[in-house]
Amino acid sequence: MVSNPPSSSPLAKAERIDNYPGLPGVTGAELLDRLQNHAEAMGTEFLTGKVLSALDMGKSWCLTVGQNVVEGRALIVTSGVTPVQHIPGEERLLGRGVSYCAICDGMLYRRRSVVVIGRSPDAPQEAAWLSSIGCQVTYVAASRPESLPEHIPFVRAGRLEIEGTERVEAVLADGARLPCEGVFLLRSAVAPGDLLPGLAFTDGYIAVDRSGRTNLPRVYAAGDCTGRPFQIAKAVGEGQVAALAAAEDAEALRSL
């Protein structure tokens, strides 16, 4: 299982939970601990990190998680509600100069000018790495992070737009034009629709059937990302249903 640290979950901040059957009065942190401990006792392996890319290999899915690569016969998305407000030009130029992963694509921009839009705690470190391999980095954010190296130029801006016809040409930062060949948009999480192009949505949530199957092969979804009600019991039940469907489909694929 690939996940963010349990402490980053909104559930961890709940002071008291009374609507999860059999465990009344627990805190969110206690419930998360119990769920994770139970999963680990059953043999589940956890990898903490941000999923940066997903590639359909035909009979499996290959995920880039930070600097790690993991592979599995099925992919179950349980991302919760991921509020992402796209920057104008971002979706149109994704893969044509816009990237969500410095480690994945940084080498393509050595000796080229790039803009890092920092919206995650580790964005300054990724900007420093890009600079170390020879990229000409400009860092853009609402405020300068303390951990950003002094030698990297910083631009304070809140209103952003990515310009370009066929490829990225510049970033508009509060009206100031920053010419560049690449944009690294570093958020704390990559939204499912950005991670999996072509994934179908209904009313802003991942569209699934009663088994948790999405429109993409061997991709399933469960929990808040599939829509209301936003309840723990609903998420757990959908997770079980999706896992059973994934196991069934993976076994059928193995026999081919």
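This is a predicted model: local features need pLDDT of at least 70, side-chain atom pairs count only at pLDDT 80 or more; totals for chains, interfaces and linings use all residues.
At 36% relative accessibility, Ala243 counts as partly exposed, where buried means under 20% relative accessible area, exposed over 50% and partly exposed in between (1.4 Å probe, protein chains only). Ala243 sits in helix H5; helices (H or I, at least four residues) and strands (E, at least two) are DSSP runs, numbered from the N terminus. From Ala243 to Gln125 it is 118 residues in sequence and 36 Å in space, C-alpha to C-alpha. Leu244 also belongs to helix H5, which covers residues 232–254, and with 56% relative accessibility Leu244 counts as exposed.

Residues are numbered from 1 along each chain as its sequence is written, and side-chain values use heavy atoms, with hydrogens and water left out.

Stepping back to the whole chain, there are 5 helices and 17 strands. The radius of gyration, taken over C-alpha atoms, is 20 Å, close to the 18 Å from the globule rule for 256 residues, so the chain is as compact as a globular protein of that length; the rule itself is 2.2 Å times the number of residues to the power 0.38. Along the principal axes, the C-alpha atoms fill a box of roughly 55 × 50 × 35 Å. Of the 256 residues, 37% are buried. Contact here means heavy atoms within 4.5 Å, and among contacts between residues at least 6 apart in sequence, 50% join residues at least 24 apart.

As for the surface, the chain exposes about 14100 Å², with carbon and sulfur atoms supplying 53% of it; the areas come from the Shrake-Rupley method with a 1.4 Å probe, and for residues only the protein chains shown count as cover. The mean positions of the 24 positive and 29 negative charges are 3 Å apart. Lys and Arg count as positive and Asp and Glu as negative, with His and the chain ends not counted, and each charge is placed at NZ of Lys, CZ of Arg, CG of Asp or CD of Glu.

Now for the interior. A nonpolar core is a set of buried Ala, Val, Leu, Ile, Met, Phe, Trp, Tyr and Cys residues joined through side-chain atoms within 4.5 Å. The largest such core has 33 residues, and those with the most contacts inside it are Val77, Leu160, Val183 and Leu196. Several strands supply at least two residues each, including E3 (51–56), E4 (61–65), E8 (113–119), E11 (160–163) and E14 (182–187). E4 gives the most, with 3 residues. Beyond its neighbours within four places in sequence, Leu160 is in contact with Ile87, Pro88, Ile117, Arg119, Val140, Val171, Leu172 and Ala173.

There is also a second, separate core of 16 residues, with Val116, Ala127, Tyr139 and Leu186 among them. Val116 is found in strand E8 and, at 0% relative accessibility, counts as buried. Not counting residues up to four places away in sequence, Val116 touches Ala127, Leu130, Val137, Thr138, Tyr139, Val140, Phe184 and Leu186. Pro10, by contrast, is 106 residues from Val116 in sequence and 27 Å away in space, C-alpha to C-alpha.

Over in helix H1 (residues 28–41) is Gln36, partly exposed with a relative accessible area of 24%. Leaving out residues up to four places away in sequence, Gln36 touches Pro6 and Phe46. Gln36 and Ile162 are 126 residues apart in sequence and 40 Å apart in space, C-alpha to C-alpha.

Most residues other than glycine have a negative phi, and most peptide bonds are trans. Arg228 and Pro229, however, are joined by a cis peptide bond with omega of about 0 degrees, and Pro229 lies in the loop between E17 and H5. Asp174 is not a glycine, yet has a positive phi of about 50 degrees; this aspartate is in the loop between E12 and strand E13 (176–179) and, at 40% relative accessibility, counts as partly exposed. Asp203 likewise has a positive phi, about 55 degrees, without being a glycine. The loop holding Asp203 runs between strand E15 (201–202) and strand E16 (205–206), and at 74% relative accessibility Asp203 counts as exposed.
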